[in-house]
Amino acid sequence: MACAQIRRYGAREPTVAIALIRLLRDSAAATTDDGRLTAIGFQLGLLEADATREIVQPADLTAVTAAAGELRDRLERAR
């Protein structure tokens with residue numbers, strides 16, 4: 001819930017998207033609870049979908065998708 005409004009309003013800005021991914025990364029590092037890790041993965045998917053749709057410049061999107069990919073890999077290893 002903490003990410004939803006920021007994600008929706010900031011999806012077009014790569015800096016905002018990357019900051020949210022870092023927030024999700026830090027949240028994932030602070031828990032081992034499967035339910036929370038699943039929720040973090042869900043939010044990551046929404047963020048990535050919104051960024052893909054809203055960020056027009058491919059060079060800007062590359063950094064976002066790279067950060068999202070790193071977090072997705074961490075989430076998979078945590079399970």
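1. Let's start with R7, which is buried in this predicted model, with a relative accessible area of 9%. R7 sits in helix α1, a stretch covering residues 4-10. Leaving aside residues up to four places away in sequence, R7 touches L20, Q43, L46, L47 and D50.

2. What does the side chain of R7 meet in a salt bridge? The partner is D50, with an N to O distance of 2.5 Å. This pair links distant parts of the chain, since R7 belongs to helix α1 and D50 to helix α3, 43 residues apart. D50 is buried too, because its relative accessible area is 9% and the cut-off for buried is under 20%. As background, side chains of opposite charge can pair when their charged atoms come close.

3. A second salt bridge to look at joins the side chains of E54 and R12, at 2.8 Å from N to O. Here again distant parts of the chain are linked: E54 is in helix α3, while R12 lies in the loop between α1 and α2, 42 residues apart. Is E54 buried or partly exposed? Its relative accessibility is 21%, so E54 counts as partly exposed. R12, at 59%, counts as exposed.

4. E54 has another partner to note: R53 forms a salt bridge with E54, and their closest N and O atoms are 3.5 Å apart. R53 is exposed, with a relative accessible area of 55%. Through salt bridges that share partners, R7, R12, D50, R53 and E54 are joined into one network. The count of salt bridges in the model comes to six.

5. Now for the nonpolar side of the picture. The largest nonpolar core has 19 residues, and those with the most contacts inside it are I21, L24, L44, V64, L71 and L75. Which helices each supply at least two residues of this core? They are α2 (14-29), α3 (34-54) and α4 (58-78). In soluble globular proteins, nonpolar side chains tend to be buried together.

6. Not counting residues up to four places away in sequence, L71 touches I21, L24, R25, A28 and L44. L71 is also one of the buried residues of α4.

7. Finally, have a look at how α2 and α3 sit together. The two helices pack at an angle of about 170 degrees, and their axes are 10 Å apart. An angle over 145 degrees counts as roughly antiparallel, and α2 and α3 are therefore roughly antiparallel to each other. Where they meet, α2 contributes A17, L20, I21, L24, S27 and A28, and α3 contributes L37, I40, Q43, L44 and L47.

How values were computed: Residues numbered from 1 in each chain as written. Predicted model: local features only at pLDDT ≥ 70, side-chain atom pairs only at ≥ 80, totals over all residues. Heavy atoms only, no water. Helix = DSSP H or I, 4+ residues; strand = E, 2+ residues; numbered from the N terminus. Contact = heavy atoms within 4.5 Å. Core = buried A, V, L, I, M, F, W, Y, C linked by side-chain atoms within 4.5 Å. Buried < 20%, exposed > 50% of the residue type's maximum accessible area, 1.4 Å probe, protein only. Salt bridge = Lys/Arg side-chain N within 4 Å of Asp/Glu carboxyl O. Axes fitted to C-alpha atoms, helices over the stretch in contact; angles between N-to-C directions. Parallel < 35°, antiparallel > 145°, perpendicular 65-115°, else oblique.
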